[in-house]
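Subject: Structure handover

Hello,

Here is the structure for you to look through. Please open it beside this email and follow along.

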Amino acid sequence: HTVKSYAARTFDYPYPVAISVEASNGMEYPMICFNYGRPDEDGTYSDAIKYGMISVIIHEVGHNFFPMIVNSDERQWSWMDEGLNTFLQYLAEQEWDRDYPSRRGPAHKIAPYMASERHLLEPIMTNSENIIQFGPNAYAKPATALNILRETIMGRELFDYAFKEYSLRWMFKHPTPEDFFRTMEDASGVDLDWFWRGWFFGTDPVDISLEEVKWYKLDNRTPAEKKADQKKAADREAYHISMDYNKEDIPQTVVEADPATRDFYNSYNPFTVTPEDEQAYKNFMASLTPKEKELMNSGLNFYEMRFRNVGGLVMPLIIQFNYTDGTSEVERIPAEIWRLNEWEVTKVFAKKKEVASIILDPYRETADIDETNNYWPRQFVPSRFELFKGASGARGVSTGDNPMRRSRSRR
Ligand SMILES: [Zn+2]
């Protein structure tokens, strides 16, 4: 399966054999690799052993392609073989079984690593000997970045074409990182400089915050409606708590007691509609073009949304609008929206329907490390403490019990 899956995305497998040998750990060589994991003596095994074995066999057999054939320098740039290989491993796992529990690939699974302390992080573009956490840096982060590139930034068709082009150009040669970056760009015609810079040359995480939403409607009220609203606002402004207490404490004011103290303004109401108001409104309505009139009566809602780049890594804005009628809609704004201001952007959306709530990145495809600021109105995302117990033993070693055995013994 590995050879078929990888070949479909790269080139035909050119070697005569691909051998996988059961061993105590995983390691790759041209045409042969050694892989851990075995069932217990009674033939049962845990799901961790099962998927661990399948994954490691896909991974180590996959190394025949990267770096055995596309021969990058793994001691200088581990991600060029481990990252690309882990990415293709993820695709092969998903083809193996629909709900395959892939550890590395889905965007949200890299978020905890990207959220860790800065002094524990290095860019992917770091010499292998200077990497602190090898697994996340050289395997998981590049694999996830490529998966995001494929699913969210470029789309599958463009990505797959460009990736195959890279494999074909560099098989039996020695590519460096820029060869990969440049081929992905020139084979697809997509400018990805911002993506390489953010994901491969930096340690910034993705954290985009939906800071503010302002809701506007076109003002098509009549003079009477406008004045009524103005009166409400003026009353609210004039009110203060002493007025309530004074109702009883001051039985009669001077003006109430003495008619001689009253003048025009004691009976003047600035909120009555005057003939001048009516005429001005008529004139305005008559001046509208048919298009303007249509807009006036459209009832459109304008939502001005402000986004802040908290994490530093720019990404597309994927926005789900949930409407008051129960329907919803997703809009995708490319990452280029950040090109003039990478820290804050504002965009207006015109909607026929009224919006009840908004979710940023609803499918969790950008690896956003803080999802609490992805909601309008703000929403609390539940989190739980977990008791952590260290894993026991080496990889692929039985823990002495598994659901398969328990199910057999019940029979
Ligand atoms: Zn590997």
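Start with helix α3 (residues 78-96) and helix α7 (residues 177-188). In this predicted model, they pack at an angle of about 50°, with axes 9 Å apart. Trp 79, Met 80 and Leu 84 make the contact on the α3 side. Pro 177, Phe 180 and Phe 181 make it on the α7 side. By class, this contact has six nonpolar residues, no polar ones and no charged ones.

From α6 come Leu 158, Phe 159, Tyr 161, Ala 162, Phe 163, Glu 165, Tyr 166, Arg 169 and Trp 170. They meet Asp 179, Phe 180, Thr 183, Met 184, Asp 186, Ala 187 and Ser 188 in α7. The contact of α6 with α7 divides into ten nonpolar, two polar and four charged residues. Look for Phe 180: it is listed in the contact with α3 and in the contact with α6.

Helix α5 (residues 134-154) packs with helix α8 (residues 193-200) at an angle of about 150°, and the axes are 11 Å apart. Angles over 145 degrees count as roughly antiparallel, so α5 is roughly antiparallel to α8. α5 passes α8 in a right-handed crossing. On α5, the contact uses Lys 141, Pro 142, Ala 145, Leu 146, Ile 148, Leu 149 and Ile 153. On α8, it uses Trp 194, Phe 195, Trp 196, Trp 199 and Phe 200. Eleven of these residues are nonpolar, none is polar and one is charged.

Now the backbone. Most peptide bonds are trans, and most residues other than glycine have a negative phi. Here are some exceptions to find:

- The peptide bond from Phe 66 to Pro 67 is cis, with omega near 15°. Pro 67 sits in the loop between α2 (47-62) and α3.
- Trp 376 and Pro 377 are also joined by a cis peptide bond, with omega about -5°. Pro 377 is in the loop between β10 (375-376) and α14 (403-410).
- Asp 361 has a positive phi, near 55°, and is not a glycine. Its place is the loop between β9 (355-360) and β10.

How many cavities of 30 Å³ or more does a search of the whole structure find? It finds two.

The largest cavity has a volume of about 50 Å³. Its lining is Arg 38, Asp 40, Thr 44, Tyr 45, Ser 46, Ile 49, Ser 398, Thr 399, Asp 401 and Asn 402. By class, that lining has two nonpolar, five polar and three charged residues.

The second largest cavity holds about 30 Å³ of space. Ile 208, Pro 316, Ile 318, Leu 360, Asp 361, Thr 366 and Asp 368 line it. Four of them are nonpolar, one is polar and two are charged. Asp 361 turns up again: the residue with the positive phi is part of this lining.

Best wishes

Methods
Residues numbered from 1 in each chain as written. Predicted model: local features only at pLDDT ≥ 70, side-chain atom pairs only at ≥ 80, totals over all residues. Heavy atoms only, no water. 1 Å grid on protein atoms, 1.4 Å probe; cavity = no way out; pocket = protein on both sides within 12 Å on 5 of 7 lines; lining within 4 Å. Points joined across faces, edges and corners; volume = space filled by probe spheres on them. Nonpolar A, V, L, I, M, F, W, Y, C, P; charged D, E, K, R; others polar. Axes fitted to C-alpha atoms, helices over the stretch in contact; angles between N-to-C directions. Helix = DSSP H or I, 4+ residues; strand = E, 2+ residues; numbered from the N terminus. Parallel < 35°, antiparallel > 145°, perpendicular 65-115°, else oblique. Left-handed = near helix turned anticlockwise from the far one by under 90°. Contact = heavy atoms within 4.5 Å.
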